[in-house]
Amino acid sequence: MPHPKRMLLLGLSLVGASFLGWSVAASLSSQTSAIANRTDDDLQAEQLLDRLEAQGELAPNTRRTLLERLLAQGRFEDALRVLQPWRAEQPRSLKLALLSADLQRLTGDTDGALSELKQLLHLHPLDAEVLQLLLLVEQTNGNEKQALKDLQKRFNSQQPGTRLELGLLLADAQRQGGQPQAAADLYRQLANESPSDIRPPLALALLKRDEGKVEDVQALLQEARQQQTANGDNIDLIDQLAVSWGLDAARLHSTKSTIPTPMAAADRP
């Protein structure tokens, strides 16, 4: 099975990925498959698979437990077998459809994954989770450039202030695709369009951290902290990020910004 390229959308990673929230869990599970009770889990998974084959179905809680264990063990083909009857029960479930498409991708069936995702796009043309998974599949197929163009077109078709999720996805894809300046410009644009949302400035701070620009990171975190001070939301998160990135969180209270704010940058001719 080919090793899939993986992207991390900061807009999703900040709030975490829950099981079946979408199938990033499946993409990351191969990194965490070495667990203490692997032998016992393997045995129980085999017993549950045998029961599924004999009975044709499992109780909902048992089915969920089995699927979680198979994902944790990186057994994506078996996970897809467990998921198929579940999908048949809930054909309109977006979450199950996304997991099915991602499992097809992870087992090398990119054509099947694309077919499923195109059907989903007809129903959910602007859903960020569908578009993110589509980008992953297109990366695997070597069609990332065309996928980025299509995503840019979808983003441009939406009104400012209503396209934050699409913009975060697009900027993250640009960053991953070796276009850091385009990503930085878009993060600033999104921060200007949605000033109350903490994700664009934090995404830009992450980009600057990866570039080793510590002063810019410090200024961006301070800026984000000032924007959030009014309602008290996310202050602890910003300070925790500063600490985890090796910065002095206390400086965020007093350091003056050394780079233009998103509004100032937008006003510049």
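**Helix packing notes**

I started with the crossing of α9 and α10, which is left-handed (the near helix is turned anticlockwise from the far one by less than a right angle; clockwise would be right-handed). This is a predicted model: local features need pLDDT of at least 70, side-chain atom pairs count only at pLDDT 80 or more, and totals for chains, interfaces and linings use all residues. Residues are numbered from 1 along each chain as its sequence is written, and side-chain values use heavy atoms, with hydrogens and water left out.

I looked up the geometry next: α9 (residues 144-156) and α10 (residues 164-176) pack at about 150 degrees, axes 10 Å apart. The two are therefore roughly antiparallel (over 145 degrees; under 35 is roughly parallel).

Which residues make the contact? From α9 I list Glu-144, Leu-148, Leu-151, Gln-152, Arg-154 and Phe-155, and from α10 Leu-166, Gly-167, Leu-169, Leu-170, Ala-173 and Gln-174 (contact means heavy atoms within 4.5 Å).

Then I moved to α10 and α12 (residues 199-210), which pack at about 5 degrees with axes 11 Å apart. That makes α10 roughly parallel to α12. Here Leu-164, Glu-165, Leu-168 and Arg-175 of α10 meet Arg-199, Pro-200, Leu-206, Leu-207 and Asp-210 of α12.

Last, the whole chain: I get 15 helices and zero strands (DSSP runs, H or I of at least four residues for helices, E of at least two for strands, numbered from the N terminus). Of its 269 residues, 48% count as buried (under 20% relative accessible area, 1.4 Å probe, protein chains only).

Methods
Axes are lines fitted to C-alpha atoms, for helices over the stretch in contact, and angles run from 0 to 180 degrees between N-to-C directions. Angles under 35 degrees count as roughly parallel, over 145 as roughly antiparallel, 65 to 115 as roughly perpendicular and the rest as oblique. Buried means under 20% relative accessible area, exposed over 50%, partly exposed in between (1.4 Å probe, protein chains only).
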